[in-house]
Amino acid sequence: MAMNFGFKLCPSSALNLDKIDTSLYDKLVEMEPDARICMACGSCSATCTASQFSGMSVRKVLLDIQRGKEKEAAAMLRNCMLCGKCTMVCPRGINTRHLILSLCRIYDNKEEQK
Amino acid sequence: MLLELKIMKDSIVIIGGGIAGLEAAKQLLTLGYTPIIVEKSDHLGGHVAGWNRLFPDMAPAQEIVAKMIKDVEGANIFLETEIISSNKLGNTYIVNLSNGVTIRTKAILIATGFELFDAHKKEEYGYGIYNQVMTNQDLEKWFNTSVDSRIGGKEIRKIGFVHCVGSRDVKAGNSQCSKVCCVTAIKQAIEMKQEFPDAEIYCFYMDLRLFGKKYEDFYINAQKDYGIHFIRGRVSEVSENIEGRLLVKAEDTLSGKPLKVTLDLLVLMAGMVCNQDGSKMASMLRLETDSDGFLRSKDNVCNIVESNRHGIFYAGACTGTKTVPETISEARAAALMIHNYINE
Ligand SMILES: Cc1cc2nc3c(=O)[nH]c(=O)nc-3n(C[C@H](O)[C@H](O)[C@H](O)COP(=O)(O)OP(=O)(O)OC[C@H]3O[C@@H](n4cnc5c(N)ncnc54)[C@H](O)[C@@H]3O)c2cc1C
Ligand code: SF4
Ligand code: SF4
Ligand code: SF4
């Protein structure tokens, strides 16, 4: 039986930019250069129909990918219904729906390669 | 005779030979006055003489300053000179200069500009402690001279820019936003990316304040064409590791997580703060300072270039943070106000 000290050690949640893997982000930027111009305004998440039930947020997906959090981004993407409302409101004119599809394509390719 | 009349016209004392003083002198010359520029340093042009390329169009600062200096050839210029005292007799001021000259003038224009926040005061950023930390001013100098031990002779893989150094910082005594440093950071980040195309560049900001003409486009370009990373969070501490690189810590407030990154160069966006020297001189002239420490205008909406004293006017960054075009416009406005005042 594991010893109970009355406390647990949690893995650090700190982001270390020296160690993160940005290959997914780099690939995305190649396909969707506009991924770079998100200014984190949150309009996309605010208007997203899936957001209130599932926490879907294009803003967070983009941030997670920049911070190397592929799994978190993938989990979130599953909630998208591709309705395109986010594209309508993005003030930077990012075709977010198209971006989501490109991202799914990158994930799919990765799966196939495995 | 017209010519004679021109020569007979009054002399106007301008304190400070930065771009505000130079532009006002040029306009006063055109209006037929004899401007006398009193400059405490050994050169004209003020801070802009130390910059390299100016936002928003990347205009060459040296050429602009050189042209402005050429345009005031007809003015009297005293370098390395300051005002030591002044008295008011009726509607004229008697001004005594440190070089022994005494001037009678109906109007004084104050164009003493700003001071850059002394980055040593923010010890946690390591300026003057680590040899990888420089200021926005140091970087402009490097763009002009290509010499700086902090950049030369080593590999530059990662560069960070810290916004709001000494600005928006009540503890540092400056609650105001310095206004020009967000766009300066982005401008310099782009210039560094051009110099070091393989480097990753991070801007650590609290808010991005890109108020001016075409500034937001700079931001979009920096993201889109140069891949500059913007991280929302104030750098909290900087330390050196055994390899002589910098470890920088901040909160990535957009993900709500603490963040660290190792850098080869850190550029501090030191803010524009009130010029202590200017304030001393102002109190000698019985002028007031505003709550932000800059000189107090008659009011901050319609009469920025006027002081609370008859015959004393302001132009440029002595009353607050200003850009070059704002400074030049104020200098022109001040010249006209002086002309109207004298002809009242
Ligand atoms: C890092 C940085 C980069 C910038 N880049 C840009 C840019 O790209 N584009 C842009 O539009 N703006 C830029 N600015 C803003 C610009 O520098 C200011 O708008 C400009 O310097 C204001 O000019 P000024 O003449 O009012 O003041 P200053 O440039 O400060 O000149 C004041 C002059 O008065 C003299 N003086 C001071 N006290 C006395 C005294 N008691 N007696 C006699 N003389 C005195 C000083 O020696 C100096 O020569 C930048 C600012 C910073 C900090
Ligand atoms: S396309 Fe997806 S992310 Fe965009 S609003 Fe619709 S459900 Fe939300
Ligand atoms: S609406 Fe556009 S700019 Fe705003 S957070 Fe979403 S993707 Fe980014
Ligand atoms: S302009 Fe930007 S960097 Fe400068 S003080 Fe204001 S918010 Fe900070």
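**Interface and ligand surroundings in a predicted model**

Across the interface of chain A and chain B, the rule finds four salt bridges, each being a side-chain nitrogen of Lys or Arg within 4 Å of a carboxyl oxygen of Asp or Glu. A salt bridge links D34(A) with K224(B), where the closest N and O atoms are 2.9 Å apart. The structure is a predicted model, in which local features need pLDDT of at least 70 and side-chain atom pairs count only at pLDDT 80 or more, while totals for chains, interfaces and linings use all residues. Residues are numbered from 1 along each chain as its sequence is written, chains are lettered from A and ligands numbered from 1 in the order in which they are written, and side-chain values use heavy atoms, with hydrogens and water left out.

Contact (heavy atoms within 4.5 Å) joins 17 residues of chain A to 19 residues of chain B. The two chains bury about 1,700 Å² between them, and carbon and sulfur atoms give 51% of this area; buried area is the accessible area (1.4 Å probe) that two parts lose on being put together, summed over both. L15(A), L17(A) and R36(A) supply 30% of what chain A buries against chain B, more than any other three residues. Between the chains, 12 residue pairs are in polar contact, both residues at pLDDT 80 or more. A polar contact is a pair of N or O atoms within 3.5 Å; within protein, one must be able to donate a hydrogen and the other to accept it, and residues adjacent in sequence count only if both atoms are side-chain atoms.

Turning to the ligands, 33 residues surround ligand 1, the closest being E39(B), H47(B), F55(B), K322(B) and V324(B); a residue is included if one of its heavy atoms lies within 4 Å. Oxygen atoms of ligand 1 lie 2.9 Å from a polar side-chain atom of W51(B), 2.7 Å from a polar backbone atom of K322(B) and 3.3 Å from a side-chain N or O atom of T327(B).

The residues around ligand 2 include C48(A), C80(A), C83(A) and C86(A), and those around ligand 3 include C38(A), C41(A), C44(A) and C90(A).
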